[in-house]
Amino acid sequence: MNHQPASNSRKRPVIRLCQAQTRMEAWRMAEPVDFELCEGEQLAIVGENGSGKTMFVDMLTGRHPLVGLQPYYDFSGNDREMVSENIAYIAFKDCYGGDNDRTYFLQQRWNQLEIDEETPLVETLLEEAYNLSGKDTPERREFQQHLYDLFQIRPLLDKYIILLSSGELRKFQLIKVLLRNPRILIMDNPFIGLDAHTRWQLGELLSTLATEQQLQIILVLSKLSDIPPIVTHVVEVRDMKVKPKVPVHDFVHRQTTQTFSETSPAKTVGEASLYNRIASLEKPETDYHVSKVVAMHEVNIRYGRRTILKDFTWQVSNEERWALSGENGSGKSTLLSLICADNPQSYACDITLFDRQRGSGESIWDIKRHIGYVSPEMHRAYQRDIACEKIVASGLKETVGLYSPTTDEELQRCRQWMKIFGIEHLSARSFMKISSGEQRLVLLVRAFVKSPQLLILDEPLHGLDDRKCLLVRAIIDAYCSQPNKTLIMVSHYDEEFPPCITNHLSLVKN
């Protein structure tokens with residue numbers, strides 16, 4: 001720990017950066033960083049995708065060596081001196097944790113026979129986290145049980161970690177890190193993937209922890225609407241520059257269209273132009289047209305003792321646009337896995353896809369070639385250190401990586417779609433070296449690039465900043481205005497659904 005004389009400011013600094021800059025010339029801030037977090041402050045770090053928020057957090061936590069003065073930390077009153085013991089950082093990237101995580105494949109959640117026998121249960125991992133984080137005392141046990149109740153995690157304790165839904169996984173990750181009782185908790189986009197009630201619960205929990213546990217919280221947020229009432233100060237990161245810390249009410253008051261606006265995406269791409277540009281990339285399947293895109297009759301899906309879908313009947317007709325909602329764990333992703341042919345239980349169910357009865361001889365690829373798909377599970381599976389345009393091109397080939405050559409015409413098509421999404425500058429960049437929000441945009445382009453009849457978008461705006469959310473929402477709307485296009489979209493934010501939505505389905509947890 002780097003000890004320095006106390007500041008003359010009224011509040012004691014807990015973290016301070018003075019003219020800080022990373023040693024990595026290839027990846028550094030555009031200018032040195034001056035920053036101070038004082039006791040009692042609760043901070044939101046905001047900025048657009050790729051603006052440098054994660055780099056700033058890495059500087060705060062000491063993950064990257066700095067040029068000149070090192071970070072100053074003052075954790076007075078705490079008997080733990082290591083930075084890693086006092087600062088906990090959690091980034092929600094849909095990772096289940098552990099060495100086995102790298103062996104994950106896209107359909108693994110739905111293939112219980114493929115799960116390694118050594119895959120741990122939720123309860124086992126949480127108990128390990130509890131034991132590693134301190135002594136077993138009645139007070140700590142009470143806090144542990146309080147977290148279990150608050151996040152309604154008890155029904156999941158005997159579940160394989162690999163089978164958690166995206167929202168359930170976030171609850172698990174939050175509990176695991178909170179059991180460590182850190183001095184400072186840094187969370188990257190903690191509200192994404194959580195239903196409205198759980199988002200409210202998390203906001204209340206953070207307020208309680210800050211008050212009762214004297215925990216200081218730093219939230220890294222892409223959406224201004226996610227700033228909770230607990231936040232006292234805001235730091236904006238823009239173009240790899242860290243702006244001065246300001247009180248939250250001053251920041252909200254001075255917001256203009258310059259940074260985070262509700263401006264129409266027309267100012268970015270032009271609404272009429274957007275429709276025309278998408279239409280020009282269309283490749284109509286003139287010999288392929290179906291009326292019944294999805295039809296399910298009394299479908300039942302069970303995993304062990306858990307019933308996910310019970311006597312479920314649903315039909316999606318051509319050119320319908322469905323909004324799919326429901327609380328975490330209600331079966332939304334399971335339902336989509338049946339449509340995308342990722343779930344082997346679909347063979348035992350009465351399901352028709354694209355006017356063909358499931359199991360009547362069609363291959364998985366016969367189904368997938370008509371579907372454009374993105375989801376948290378897909379994002380997790382795409383950990384490939386290859387150029388972004390190749391990730392996009394894999395959507396033409398229905399592969400995770402790009403294993404067959406692409407023509408110049410196909411690559412040109414990929415770049416045109418990337419331009420529509422405003423990420424043409426990422427074409428040659430490595431997928432693993434861009435921000436999580438930028439990765440989501442690349443995977444969205446991958447879903448659109450082959451002009452599928454059916455778009456399945458599971459939480460497509462995860463981690464996108466306000467401007468990008470508006471743009472992608474407009475793209476979805478323009479695309480679905482084309483003939484012979486059907487949409488199924490999942491979101492926990494009603495405002496994320498595009499105007500083209502014609503039908504709504506809300507699932508209830510069994």
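In which hand, left or right, does H12 pass H14? In this predicted model, the crossing of H12 past H14 is right-handed. Helix H12 spans residues 388–397 and helix H14 spans residues 436–448, and the two pack at an angle of about 35° with 7 Å between their axes. On the H12 side, the contact involves Cys388, Ile391, Val392, Ser394 and Gly395, which meet Val442, Leu443, Val445 and Arg446 of H14. Sorted by class, the contact of H12 with H14 comprises six nonpolar residues, two polar residues and one charged residue.

H12 also packs against helix H13, which covers residues 408–420; the axes of these two helices come within 9 Å and cross at roughly 110°. H12 is therefore roughly perpendicular to H13, since angles of 65 to 115 degrees fall in that category. The crossing of H12 and H13 is right-handed. H12 contributes Cys388, Glu389, Val392, Ala393, Leu396 and Lys397 to this contact, and H13 contributes Glu410, Leu411, Cys414, Arg415 and Met418. The contact of H12 with H13 contains seven nonpolar and four charged residues, and no polar ones.

The crossing of H3 and H4 is right-handed. Leu126, Glu127, Tyr130 and Asn131 of H3 are in contact with the H4 residues Arg140, Arg141, Gln144 and Tyr148. By class, the contact of H3 with H4 consists of three nonpolar, two polar and three charged residues.

Two lysines were examined individually. Lysine 485 lies in the loop that connects helix H15 (466–480) to strand E18 (486–490). Its relative accessibility is 5%, so lysine 485 counts as buried, the cut-off for that class being under 20%. The side chain of lysine 485 makes a polar contact of 3.2 Å with the side chain of tyrosine 479. With neighbours within four places in sequence set aside, the residues in contact with lysine 485 are Glu282, Asn318, Glu319, Glu320, Arg321, Ser451, Pro452, Gln453, Tyr479 and Cys480.

Lysine 292 is located in strand E11, which runs over residues 292–303. Lysine 292 counts as partly exposed because its relative accessibility is 31%, a value that falls between the limits of 20% and 50%. Lysine 292 and glutamine 315 are separated by 23 residues in sequence, and their C-alpha atoms are 7.4 Å apart in space. Apart from residues up to four places away in sequence, lysine 292 touches Gln315, Val316, Thr352, Leu353, Phe354 and Asp355.

For the chain as a whole, 15 helices and 19 strands are assigned. The chain has 510 residues, of which 56% are buried. Of the contacts between residues at least 6 apart in sequence, 73% join residues at least 24 apart.

Conventions:
Residues numbered from 1 in each chain as written. Predicted model: local features only at pLDDT ≥ 70, side-chain atom pairs only at ≥ 80, totals over all residues. Heavy atoms only, no water. Axes fitted to C-alpha atoms, helices over the stretch in contact; angles between N-to-C directions. Helix = DSSP H or I, 4+ residues; strand = E, 2+ residues; numbered from the N terminus. Left-handed = near helix turned anticlockwise from the far one by under 90°. Contact = heavy atoms within 4.5 Å. Nonpolar A, V, L, I, M, F, W, Y, C, P; charged D, E, K, R; others polar. Parallel < 35°, antiparallel > 145°, perpendicular 65-115°, else oblique. Buried < 20%, exposed > 50% of the residue type's maximum accessible area, 1.4 Å probe, protein only. Polar contact = N/O pair within 3.5 Å; in protein donor to acceptor, adjacent residues only side chain to side chain.
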